[in-house]
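Thanks for coming, everyone. Please put it on the screen.

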Amino acid sequence: MERKRLIFMDAKFTKLKNEKVEFLSVAFVTDSDSKLYLELEQPHMANGTGEREENIEVVETDPNGGSFLSKEQARDAILEFIDENYAKYEKPMLITNMSSYCWLALCHLFEKMEIPFHKIPLDFSTMLYMHSIDPDTSKEQLAWHYQIKLEGDRNHALYNATLLKRLYEKVILGW
């Protein structure tokens, strides 16, 4: 069996309920370290602007900064990113720390379109449990234990997706 390609994801949500879970922001990190970070507009802030972290690459509607992406623009950006990084492979396996909410939000974002990820998302917390690590252990504490150092805002989706990838490499793969 050929090993599937992986993509790591983290997101911030409007709410954590089982209906209409929507992204505030979403980040992806490929197994080859390509990164995508998106901020989505919310109905209450249509055409709004907001402050962003410095030094973080953001796909946005306005080249001068400040605009949030519509659902359609976010879908297009994700599809383009997947095509650029995985076109010659099968759909990548999605690894997240909150797979059920991420999957629900992706289903809501893509609506009736085909989702560009393998249909079974992988849950990092379950992987930790299978390695005899308490899934409630702080990811920062695990990073410190495994000597993983990252710069940036710990509450940022791109930081967390990158941390998830590094933890996967160290804890699960043993690199």
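Look at helix α2, residues 99–110. Helices here are DSSP runs of H or I with at least four residues, strands are runs of E with at least two, and both are numbered from the N terminus. α2 has twelve residues and reaches 16 Å from its first C-alpha to its last. That is close to the 16 Å expected at 1.5 Å a residue, where the expected span is 1.5 Å times one less than the number of residues.

A word on provenance. This is a predicted model, so local features need pLDDT of at least 70 and side-chain atom pairs count only at pLDDT 80 or more, while totals for chains, interfaces and linings use all residues. Residues are numbered from 1 along each chain as its sequence is written, and side-chain values use heavy atoms, with hydrogens and water left out.

Back to α2. Which of its residues are buried? They are S99, C102, W103, A105, L106, H108, L109 and F110. Buried means under 20% relative accessible area, exposed over 50%, and partly exposed in between, with a 1.4 Å probe and protein chains only. What do these buried residues pack against? Their partners are β1 (6–13), β2 (23–30), α1 (71–86), β4 (93–96) and β5 (122–123). Contact means heavy atoms within 4.5 Å. Just after the helix, E111 takes a positive phi of about 50°.

C102 is buried, at a relative accessible area of 3%. C107 counts as partly exposed, at 30%. The structure holds zero disulfides, a disulfide being a pair of cysteine sulfur atoms within 2.5 Å.

Zoom out. The protein chain has five helices and five strands. Along the sequence the pattern is β-β-β-α-β-α-β-α-α-α. Of its 175 residues, 44% count as buried. Take the contacts with a separation of 6 or more: residues 24 or more positions apart account for 60% of them.

Last, the second largest pocket. A pocket is an open set of points on a 1 Å grid over the protein atoms alone, with protein on both sides within 12 Å along at least five of seven lines; lining residues have an atom within 4 Å of a point. Its volume is about 190 Å³, meaning the space filled by probe spheres set on the points. The lining is D10, N97, S138, K139, E140, R154, N160, L163 and L164. α4 (139–145) and α5 (157–172) each give two or more residues to that lining. α5 gives the most, with three.

Terms used. On a 1 Å grid over the protein atoms alone, a cavity is a set of points where a 1.4 Å probe fits but cannot get out, and a pocket is an open set with protein on both sides within 12 Å along at least five of seven lines; lining residues have an atom within 4 Å of a point.
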